[in-house]
Each structure stands twice: as C-alpha cells, then as structure tokens.
Amino acid sequence: MSAVDRGPSDAGLGRVHFIGIGGLGMSGIARILLARGAAVTGSDAKESAGIEALRALGATVHIGHEAKHVGAVDTVVVSAAIRETNPERIEARRRGISVIRRAAALAAVMEGYRGVAVAGSAGKTTTTSMLTVAVQACGADPSFAIGGDLNESGSNAHHGRGELFIVEADESDGSFLLLSPAAAVVTNIAPDHLDQHGTREAYEQAFADFVERITPGGLLVVSADDHGTLRLARPGRDRGLVVRTFGTAPGADLQVTNLSVRPDGTSFRAVTAGGEHDVRIAQTGAHMAANAAAALLTGLELGLPADGVLAGLERFGGVHRRFEYKGAARGVRVYDDYAHHPAKVSAQLAAARVVAAPGRLVVVFQPHLYSRTRDFADDFGTALGAADEVVVMEVAGVREDPIPGVTGALVADAVPLAAERVHYEPSWLATPGLVAGLARPGDLIVTMGAGTVTMLGPEILAELTDPDDADGDR
C-alpha cells in the first residue's frame, strides 16, 4: 500500500484521545490523524489558538482534565508532561484502554512511509523545518511533524501524499528510540535532560541507541564539527549505514566555507564531491548555517535536485519562537526565542549580537525546569554573559515540583558581568517595566526560554511605546 492510499485505521490507533493535546508535539499527530479521517478527542489545561484549529478540523477538545473526558476510545496518548496522577490517565488504566507515549503514536502514523528523523540537542526544530520546506520546494508533498510552527504555513504538521515523512525526533525522555527511520540527522550532542537520563553518559548513549534504530542500509547525517555526533559515525558504518558529514571541518562530505553572517541573513559555500553550491538563508547566525548545511546534505542524499533544495532554503521563513521579531518602540527592537539550553543560548546570543550592532543586547531569560537550572546554572550564566544587560526571571517548573534552593538567582549569580548589569526579578508582572527601564534607543531586547517568557514581548513593547509613535519602527 502506498502512502497516498492510507486510510484512517492504518495507524492502528483507532479512536484516539490526547491528554495535553495543545502541546506542539501532540497537536501535530492529532492534526495528521484528523486529516486521515480518524476520530480524535483531547484535553488540555487551557484554551489556545492551536486548540481552536484542531476543533475546526473536527477534534473534540475539553478544557481541564477529568475522567469523564475519556470517552469511547481505543488509544490514549500522553506526553512526558502528563503525570501518572492525571485523572484521565487513571481512568484509561482503570478501563484497560491502551495508553501510549507520544513518540509511539508518531511511529504508528509514520508506518508505511519513508521516515526521515532529525535529532540533536540543539537545532533539530529548525533543521527539520528547513528540510521540510526544501522538499516542498522540489515539488514533493511530504508529511511532517515538527516541534514548532512553520512561518510559511503556520502549522507544525501535515498529512502529505508523498512517500517522505519528516519528523523532529525528541530525545528528552528517550522516546525517539520508538522510531525506526530510513534516514536520520543528528545535529549535535550536548548533555541535557539529566532529570530523565540521569548522567551525561546515559544521555549520549541514547543517541547511539537511536542510530541503532535506523533501518538497515539507511542514511545517517552527522555534524563533522561536533565530537559527540562524530562518535556515531563509525558504529553507523559498521551497521552498513550510509554515513555523511557536514560542517566547517576539513574532510566533511559537505564542507561549509566562505561563511558570512549578516544582520539580514547568512550565506556560505557548500563544497561536496559533486560540486559547489552557494547557499543563502534569511536567518542570522553560524548555527543557522549549520542547520541549513544539514538540511542541504540530507536533501541531496535523498536524491532531491540541488536547485530545488537551495531555493527552498533561501525562501525558508523561519519557525515560530526562533528569534521571532515581535516589534519595536522608541528605537528598541524586541525579539523572542525558545533557547532553553546553554548551547542554544550561546549560539542565539552570538547571532543576536550581529543583528543588534551597533546597539546593546539586552536578554530576558527564564530558566526552564528546576532540574535543568540546578544542573546547568553555571553554564547558563556563562552563556548569558555575552549580553550587555541580563534579566533573569524565576524558573518555569512546568512538569516538575520545586527543588529546595533552586531559583533563577542561581543563574543570575553565575553571569560574569558587573552586578549592576545583572538583574534577578522573580516577579513576572514586574519584569516588563524593569526591562523597558533598562532599554535605550538602538538596543535589541530578546526574551528567551521555553516557558511563559514568550508572552513578555508585547508587554515590554507596551511599556516602551511612546503615544506619539505607537507603531514603533523596525
């Protein structure tokens, strides 16, 4: 059976209920099932635009978590954020309904397709998105599920009619080990999610195990600039995989040369055995060039035409919450970014510095998870030291209970700047006024983190806005 012939029951999930359906990963799978005609219900803690979109597609979504929301379904899907004590999860177990993790549901909907999975500690959302747009630019219609909304379509998932299914593979809880892709990309490996994996060694081993999941004879694309990913190359070749590398390192199968990072974008030359390609993207940063190089190499190895892939990369408009411009007021520009790991913070601030020049760079950082704050406070502080002014908010605990002694102050105390340039503000409501008071004309402000900090941009702009210049300027 070809991908285009698939029916609503092909995933083997039957009628599906998603607990926490508003999350990006969960909503993407729900969107694909709805496109196939499957019956989908779900619940979430609050309303959102994403939930309204799912309802428009035919899903029944409840606000709040109650046992009665689990109706006549065959499968209940949960994410890592859903605790065992969730009343809907308890009800599903009581009734003997199959309860599976989000990645297991993703693996089910990928069955029968040529799967391409993008993993890594950083850059996987953007790389997945770049590859998806590049494939589309070649005239194909891939299915995709991404942990962020494409700016082109405003969506994080799509049920396509082509053979390719491109997904972002999440290592946070090891669930990417439920996938069996025909091709995989590993962008980089920097220890994270130690609350789930326990040790750095165990975290790194998860990626090695992920490589073991690639189907025999499949493709593995890794960074030549990252020691963690390079360690995957030899085991991959020993398994008979086609292993290809990208990066600035000499000898990379796709070598990045002539790198130019500018406020309006990034360009580089990609040198391969088959020729050279000039690459232009609208995103700023060396890390964005690495993401584009990974997408380009993967596209070429999948047999796509170079001209189409390059055109797709050039027109790629970015991903929601990846250095997303929010507006300007009184000569101050405000951006929002999802970076919530020290390596991501460092890479994005380096790019933001280019965009900010010659103005100052002001960062508002909200640590995400108590365990991550505890484990990487010093590394966060070092990364944030690249800014001129730093405001550290309180920790967004999300799925975790507070850990005694772990607050945003741990990060603020680790920032290697003069004390008057580092501000710990535990009050969410007080933060916009504080930030606006620090800003000067010409500054660039970036709100940063995986939590509610994303809501601060409009509040900061409101504090900055002059009644005579309500729209500001970019």
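Helix H4 (residues 102-110) is largely enclosed by the rest of the structure, because 7 of its 9 residues are buried. Buried here means under 20% relative accessible area, exposed means over 50%, and partly exposed lies in between (1.4 Å probe, protein chains only). The model is predicted: local features need pLDDT of at least 70, side-chain atom pairs count only at pLDDT 80 or more, and totals for chains, interfaces and linings use all residues. Residues are numbered from 1 along each chain as its sequence is written, and side-chain values use heavy atoms, with hydrogens and water left out.

The buried residues of H4 are Arg 102, Ala 103, Ala 105, Leu 106, Ala 108, Val 109 and Met 110. Their cover includes helix H1 together with strands E4 (75-78), E5 (98-101), E6 (114-119), E7 (143-145) and E9 (164-168). Helices (H or I, at least four residues) and strands (E, at least two) are DSSP runs, numbered from the N terminus. After H4 comes Gly 112, with a positive phi near 95°.

In soluble globular proteins, nonpolar side chains tend to be buried together.

**Helix packing**

Two packed helices are described by the angle between their axes and the distance between the axes. Axes are lines fitted to C-alpha atoms, for helices over the stretch in contact, and angles run from 0 to 180 degrees between N-to-C directions. Angles under 35 degrees count as roughly parallel, over 145 as roughly antiparallel, 65 to 115 as roughly perpendicular and the rest as oblique.

| Helix pair | Axis distance | Angle |
|---|---|---|
| H10 (residues 286-301) and H11 (residues 306-315) | within 10 Å | roughly 155° |
| H5 and H10 | 9 Å | about 45° |
| H12 (residues 342-356) and H13 (residues 370-384) | within 9 Å | roughly 0° |

H10 is roughly antiparallel to H11, and passes H11 in a right-handed crossing. A crossing is right-handed if the near helix is turned clockwise from the far one by less than a right angle, and left-handed if anticlockwise. On the H10 side, Ala 292, Ala 295, Leu 296, Gly 299 and Leu 300 meet Ala 306, Val 309, Leu 310 and Leu 313 of H11. By class, this contact of H10 with H11 has 8 nonpolar, 1 polar and no charged residues. Contact means heavy atoms within 4.5 Å. Ala, Val, Leu, Ile, Met, Phe, Trp, Tyr, Cys and Pro count as nonpolar, Asp, Glu, Lys and Arg as charged, and the others, Gly among them, as polar.

The buried residues of H11 are Ala 306, Gly 308, Val 309, Leu 310, Gly 312 and Leu 313. They pack against helix H5 (124-137), strand E15 (275-281) and H10.

H5 and H10 are oblique to each other, and H5 passes H10 in a right-handed crossing. Thr 126, Thr 127, Met 130 and Leu 131 of H5 make this contact with Met 288, Asn 291, Ala 292, Ala 294, Ala 295, Thr 298 and Gly 299 of H10. The residues divide into 6 nonpolar, 5 polar and no charged.

H12 and H13 are roughly parallel to each other. Pro 342, Val 345, Ser 346 and Leu 349 in H12 meet Phe 376, Asp 379, Phe 380, Ala 383 and Leu 384 in H13. The contact of H12 with H13 has 7 nonpolar, 1 polar and 1 charged residues.

**Loops and backbone geometry**

In the loop between H12 and strand E18 (361-365) lies Pro 358, and the peptide bond from Ala 357 to Pro 358 is cis, with omega near 5°. Leu 369, in the loop between E18 and H13, has a positive phi near 80° although it is not a glycine. Leu 369 is buried, at 1% relative accessible area.

Arg 330, in the loop between strands E16 (324-329) and E17 (332-337), likewise has a positive phi, of about 50°. Arg 330 is partly exposed, at 39% relative accessibility.
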